[in-house]
Amino acid sequence: MSANAVTPLERPADRLRRRKAVNRGMELVAWLAAAVAVGFLGILVFSVAQHGASELNLSLLTKSQVGYDPTVPQGLANAFAGTIVIVALATAMALPFGILIAIYVNEFAPRPIRTGVSLVLDILSGVPAIVIGFFVFGLIVVAHGQSGLAGAFALAILMLPFVARSTIEVLALVPDSLREAGLGLGSPRWRTTLGIVLPQTVGGILTGATLAVARVAGETAPLLLLSSIVGNGTSWNPLHALQTVPVAIFELSESPYPQDHARAWSGALVLILFILFASLGARWLATRNRRKLGRAGG
Amino acid sequence: VSTLETASDVARRPFSGRRARFGDLILQGTAGFAALGATVLVGLIVYKIVEGARLSLSTFGLSFLTHVVWDPVHLKFGAEAFLFGTAVTSIGALVLATPLALAVALFLSELSPNWLRGPVTALVETLAAIPSVVIGLWGIIVLAPFLLGHIDPALHSALGFIPLFGQATYASNVFAAIVVLTIMILPIIASISRELFLGVPHELKEGALALGATRWEMVRGVVLPYARGGVAAAMILGFGRAIGEAIAVQQVIGGFTGTSISWNLFSPGETLGSKLAANYQGASSGLELSSLIYLALILLVFSLLVNIVAQVVVRRSARKQGISAR
């Protein structure tokens with residue numbers, strides 16, 4: 001607090017004025033910083049919307065990529081199909097696995113194991129996506145070649161800590177009185193867990209799953225390694241490499257041709273719109289669910 | 001938990017004791033198996049990466065870390081340029097993002113009028129949700145040319161006596177990567193710090209204000225010291241994110257092909273992550289692939305270290321002040 005000591009040359013009124021000026025300056029800085037952060041987002045979304053809108057038409061969804069050929073109308077149909085297949089598969093892998101982990105952590109595990117598992121989840125969520133990509137590359141691709149399945153597996157690993165942690169959070173919100181009521185009525189532990197506790201958390205699990213899907217739908221790094229060398233045309237078969245929206249954006253963004261950039265922007269626009277709607281949906285689900293759980297808790 | 005165990009009085013169950021216990025055993029078994037699976041998965045990731053890097057590890061050993069050249073033709077590989085690029089971009093992004101993020105967090109927790117708080121919080125969180133490839137696309141087409149045209153020359157003419165701010169020749173350069181990473185870690189640090197600031201007890205803040213402190217003095221004397229440990233952890237998490245980012249950096253950083261490292265922020269460079277992303281279409285030899293996986297191993301070790309340090313910082317500050325920073 002030496003900065004606040006009164007120097008002999010300074011009258012108290014001056015000091016107060018200076019302190020207030022510093023205060024006002026700092027408040028201004030905070031306002032500006034918030035404006036900068038919001039501004040970045042604004043400029044980003046504006047750029048994507050402005051550049052992406054020009055190519056945002058039906059042929060984007062119905063036509064596939066055929067390499068560089070400005071005479072042929074092209075779209076990103078193959079990329080959308082691949083993203084849908086891969087993200088759906090990843091969700092199907094990560095969701096049950098994550099929910100089971102959460103059930104174990106919250107309903108069964110003794111305290112030290114609980115801490116251990118949440119540490120594992122922390123570590124897993126801290127591993128860079130590109131490292132996960134190289135892991136799955138060594139595990140699957142070296143022996144079996146690229147495939148949508150390998151990509152889905154990598155995305156599932158990225159989703160897993162997310163799903164597990166959000167499920168643990170909602171399970172912890174379920175009041176113990178519900179568990180006690182179930183057990184008190186004579187239903188065994190497993191029925192209480194699956195029949196009484198888990199249904200309370202469906203909303204919360206859906207929220208977590210939606211956010212996880214929004215997060216991995218734009219994930220590029222592992223898919224570059226695992227599912228990027230593709231032919232022309234749309235494929236839904238996850239046993240082959242599938243084009244995806246983020247990989248398409250990545251490749252098109254490095255192309256020298258403006259037509260390719262335009263399609264990269266429109267792919268980005270669709271991706272961002274999807275993520276925005278998914279996040280909004282998740283937020284809405286979360287508030288609705290909290291209200292419901294609040295009522296159940298009395 | 002103890003009440004649950006006393007409540008499971010076997011004699012009162014409509015299910016026979018054995019059936020009930022069997023069901024419990026199955027659920028506990030499957031769930032426990034899943035938890036074990038996650039642990040095994042982490043071990044398997046480490047094992048597979050180490051195994052993939054083994055050829056390069058045995059060829060180059062630790063000298064891999066201090067060699068600059070990446071030469072697939074003569075099979076000479078070293079990571080120093082990428083380590084340097086990773087350090088410069090991550091530290092640069094942390095330096096730019098931290099004050100900005102703290103100011104945003106202070107704005108949201110202390111200053112903002114109520115009607116603005118919700119929307120700005122949501123926007124900052126949305127910024128965190130934008131995929132790196134989209135930020136990279138924007139970076140390569142909009143941001144990098146803008147920086148080359150306006151910001152880079154201005155910084156060079158003002159601060160050119162520092163070797164970091166040399167002549168800008170390419171739009172794709174290290175500084176563009178720093179700005180892109182700043183945008184990516186800003187929302188992480190801001191949203192964690194905001195929660196920490198909101199967790200500072202009202203009595204302390206009101207006490208400071210009642211003693212005649214201005215709002216800034218209250219923040220400097222009460223809020224920041226109280227949240228210091230958590231803010232450090234948030235910075236570490238943001239740093240970890242910056243280290244591991246591959247795609248967006250690869251799109252804007254240009255790539256490293258030379259034989260000597262440049263301190264100039266306005267020259268192209270390469271990070272561990274961007275090198276890995278750039279070489280996605282494969283390697284020309286087994287040794288090059290193994291060396292790429294060696295880079296992945298370095299990233300993995302960094303991410304584990306970052307995690308451990310963050311945990312330690314959080315634990316220590318939680319013990320000291322009784323806040324739960326998570």
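Which residues of H11(A) are buried?

1. Helix H11 of chain A. The buried residues are A:Val245, A:Pro246, A:Val247, A:Ala248, A:Ile249, A:Phe250, A:Leu252 and A:Ser253. Because 8 of the 9 residues of this helix (residues 245-253) are buried, H11 of chain A is largely enclosed by the rest of the structure. Buried means under 20% relative accessible area, exposed over 50%, and partly exposed in between, with a 1.4 Å probe and protein chains only. Helices (H or I, at least four residues) and strands (E, at least two) are DSSP runs, numbered from the N terminus.

2. Basis of the model. This is a predicted model, in which local features need pLDDT of at least 70 and side-chain atom pairs count only at pLDDT 80 or more, while totals for chains, interfaces and linings use all residues; side-chain values use heavy atoms, with hydrogens and water left out. Residues are numbered from 1 along each chain as its sequence is written, and chains are lettered from A and ligands numbered from 1 in the order in which they are written.

3. Confidence. For the complex, the predictor gives an ipTM of 0.88 and a pTM of 0.89. Chain B has an average pLDDT (the predictor's confidence in each residue, from 0 to 100) of 87, and 92% of its residues score at least 70. Residues 5-13 of chain B have a pLDDT below 50, and this stretch has 10 contacts in the model beyond near neighbours in sequence. A contact means heavy atoms within 4.5 Å. Where pLDDT is low, the predicted coordinates should not be read in detail.

4. Nonpolar cores. A nonpolar core is a set of buried Ala, Val, Leu, Ile, Met, Phe, Trp, Tyr and Cys residues joined through side-chain atoms within 4.5 Å. The largest one has 169 residues, and A:Ile130 and B:Ile49 have the most contacts inside it. Apart from it lies another core, of 15 residues, including B:Leu102, B:Leu196, B:Phe197 and B:Ala227. Not counting residues up to four places away in sequence, A:Ile130 touches A:Ala221 and A:Leu225, as well as B:Gly244, B:Ala246, B:Leu276, B:Ala277 and B:Leu299.

5. A:Pro161. This proline is placed in helix H6 (residues 148-173) of chain A. A:Pro161 counts as buried because its relative accessible area is 1%. Its contacts, not counting residues up to four places away in sequence, are A:Leu121, A:Leu124 and A:Ser125. A:Pro161 and A:Ser125 are 36 residues apart in sequence, yet their C-alpha atoms are 5.8 Å apart.

6. A:Glu107, in helix H3 (residues 77-108) of chain A, is buried at 9% relative accessible area. Leaving aside neighbours within four places in sequence, A:Glu107 is in contact with residues including A:Arg179, A:Arg189 and A:Thr193. B:Ser132 lies in helix H5 (residues 132-159) of chain B and is buried, with a relative accessible area of 8%. Among the residues that B:Ser132 touches, not counting those up to four places away in sequence, are B:Met184, B:Glu245 and B:Gln251.

7. Backbone of B:Leu75. Most residues other than glycine have a negative phi, and most peptide bonds are trans. B:Leu75 is not a glycine, yet has a positive phi of about 55 degrees. This leucine is in the loop between strand S1 (70-71) and strand S2 (76-77) of chain B. With a relative accessible area of 38%, B:Leu75 is partly exposed.
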